[in-house]
Amino acid sequence: MKRFVLAAMASLTLWVPALAQSTGDLGLVVERASGSLLVVDQSERARIGRITGLGDLSHASLVYSPDERFAYVFGRDGGLTKVDILEQSIVKRVMQAGNSIGGAISDDGLYVAVSNYEPGGVRVFDAETLDLVADIPTGSKTIGLVDVPGTRFVFSLWDTGETWIADLSGATPQITRIAGMGANPYDALVTPDGRTYIAGLFGDDRLTALDLWQDPPTPQPILQGYAADREGLPVYKMPHLEGWALAGGEFVLPAVGQHEVLWVDARSLRETGRTATHGQPVFAIARPDGRHVWVNFAHPDNDTIQVIDTMTKQVVHEFKPGPGVLHMEFTPRGHEVWLSVRDAGKVMVYDTETFEKLREIDAESPSGIFFTARAHRTGL
Amino acid sequence: MQSTRRSRLVNRVLFYLAMSGAAAAGETAAVDAPALERLVRQDCGSCHGLTLKGGLGPDIRPDALAHYDADTLSAVILDGVPGTPMPPWRPLLTQPEVDWIVTYLLNGDTR
């Protein structure tokens with residue numbers, strides 16, 4: 001309202017200020033217990049607002065519209081919520097399933113897809129209205145949903161070990177099913193070019209890659225037997241695979257049931273090394289320049305961060321930000337990183353060169369941190 | 001429904017008996033209840049959901065667990081379920097802590 005009056009006054013003069021607020025350095029932090037989102041300003045290292053009323057946000061994630069104004073939030077309770085970052089309000093909210101795990105937005109920004117545990121499958125919604133566009137039941141808990149070029153989504157089936165590609169570029173979705181990915185895929189990633197899809201397996205001692213430029217793609221085992229002859233440790237939290245895995249020319253991937261990260265050449269998909277870590281890795285995320293990889297860990301080691309140098313594959317820095325480090329998000333060019341420290345009720349901002357803590361921001365049980373620059377990245 | 005309600009009532013009575021028994025025996029210091037509740041919500045919750053209604057793992061709210069006895073649940077927590085993602089918590093939890101968690105799960109949030 002005030003803006004409208006200001007605009008009206010401004011229009012009476014020759015000098016017309018630009019009143020639109022830019023969103024390029026904003027972001028959202030999931031407050032998992034209270035069902036709210038903090039709106040944050042990455043340049044100011046500050047919170048600038050809060051959006052409430054989003055339901056059960058444990059394990060919530062979100063994606064951004066191409067104009068970086070709207071976010072689509074995927075809640076564990078099956079809620080899909082569209083929020084307006086500028087107005088700091090909910091635009092629309094639908095309960096689309098009983099139990100969901102993640103989502104993606106198509107390359108053209110027209111479709112938002114959600115992967116569900118219950119009922120198992122993927123549902124696709126109109127990004128403008130949140131009307132249901134396509135229902136793709138899979139008969140399985142469905143995980144590892146990503147967007148790839150060509151208005152396609154790729155996702156995997158926990159119960160049957162398949163990966164499906166849903167092409168939404170035509171009038172009706174075209175589904176390609178790829179069997180034989182392996183037992184119990186728990187998460188997956190796609191490279192920033194949308195070419196290589198890698199599924200992590202809980203039930204097999206390897207990962208599986210697909211070259212999405214092949215037609216049809218055939219499953220290619222990678223890191224076969226990485227834990228062979230070693231005792232599998234209890235897995236207190238499934239690792240996450242994200243499109244931030246590319247460090248230099250290699251992927252860095254969390255091992256399941258082992259205290260290590262695994263390195264794989266991005267072209268040949270052959271193993272190039274292993275780095276022993278403090279605990280079982282949850283996220284292994286490359287700084288945007290790829291020179292360092294930051295790793296956090298599963299309970300009971302989730303108070304610690306290790307930083308690994310990509311050149312030497314050695315841990316170069318280790319510190320304990322606090323209890324329950326759940327997520328890390330780099331600024332788009334990587335000069336700073338934001339960490340959510342759940343049980344401290346803080347988001348902590350660090351310089352990624354000096355490792356100096358720059359700021360603490362109060363938040364209620366923070367988990368995922370998402371900067372708007374993700375809007376322009378495939379697979380995030 | 002009736003049997004569920006009755007078993008919840010029984011569980012609740014057992015819960016108070018257990019609590020008073022523990023207090024009488026001077027064992028309340030053995031477990032850190034707020035820390036265990038946080039563990040259930042946050043760490044069990046990473047698979048079973050923050051509200052325990054299920055996720056990768058099944059629903060573990062009181063109604064869903066009503067037909068299990070406490071010993072079975074205790075064994076599942078301590079030793080996990082082989083062939084599934086349910087891990088053994090024996091390396092991290094003591095028997096009194098597991099007992100507290102089992103009672104908590106069977107009764108729900110009684111505060």
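A residue counts as partly exposed when its relative accessible area lies between the buried range, under 20%, and the exposed range, over 50%. Bear in mind throughout that this is a predicted model.

With that cut-off in mind, select A:Asp303, which is partly exposed because its relative accessible area is 24%. A:Asp303 forms a salt bridge with A:Lys320, and the closest N and O atoms are 3.8 Å apart. The two residues are 17 residues apart and link distant parts of the chain, with A:Asp303 in the loop between β25 and β26 of chain A and A:Lys320 in the loop between β27 and β28 of chain A.

Next, select A:Lys313 and A:Glu250, whose salt bridge has its closest N and O atoms 2.9 Å apart. Here A:Lys313 is buried, with a relative accessible area of 17%, and A:Glu250 is buried as well, at 14%.

Now select A:Arg274 and A:Glu271, whose side chains form a salt bridge of 2.7 Å from N to O. A:Arg274 is partly exposed at 35% relative accessibility, and A:Glu271 is partly exposed at 38%.

Finally, turn to chain B and select helix α4 (residues 70–79) and helix α5 (residues 95–107), which pack at an angle of about 120 degrees with their axes 9 Å apart. That angle makes α4(B) oblique to α5(B). The residues that meet include B:Leu73 and B:Ile77 in α4(B) and B:Val98 and B:Val102 in α5(B).

Technical notes
Residues numbered from 1 in each chain as written. Chains lettered and ligands numbered in written order. Predicted model: local features only at pLDDT ≥ 70, side-chain atom pairs only at ≥ 80, totals over all residues. Heavy atoms only, no water. Axes fitted to C-alpha atoms, helices over the stretch in contact; angles between N-to-C directions. Helix = DSSP H or I, 4+ residues; strand = E, 2+ residues; numbered from the N terminus. Parallel < 35°, antiparallel > 145°, perpendicular 65-115°, else oblique. Contact = heavy atoms within 4.5 Å. Salt bridge = Lys/Arg side-chain N within 4 Å of Asp/Glu carboxyl O. Buried < 20%, exposed > 50% of the residue type's maximum accessible area, 1.4 Å probe, protein only.
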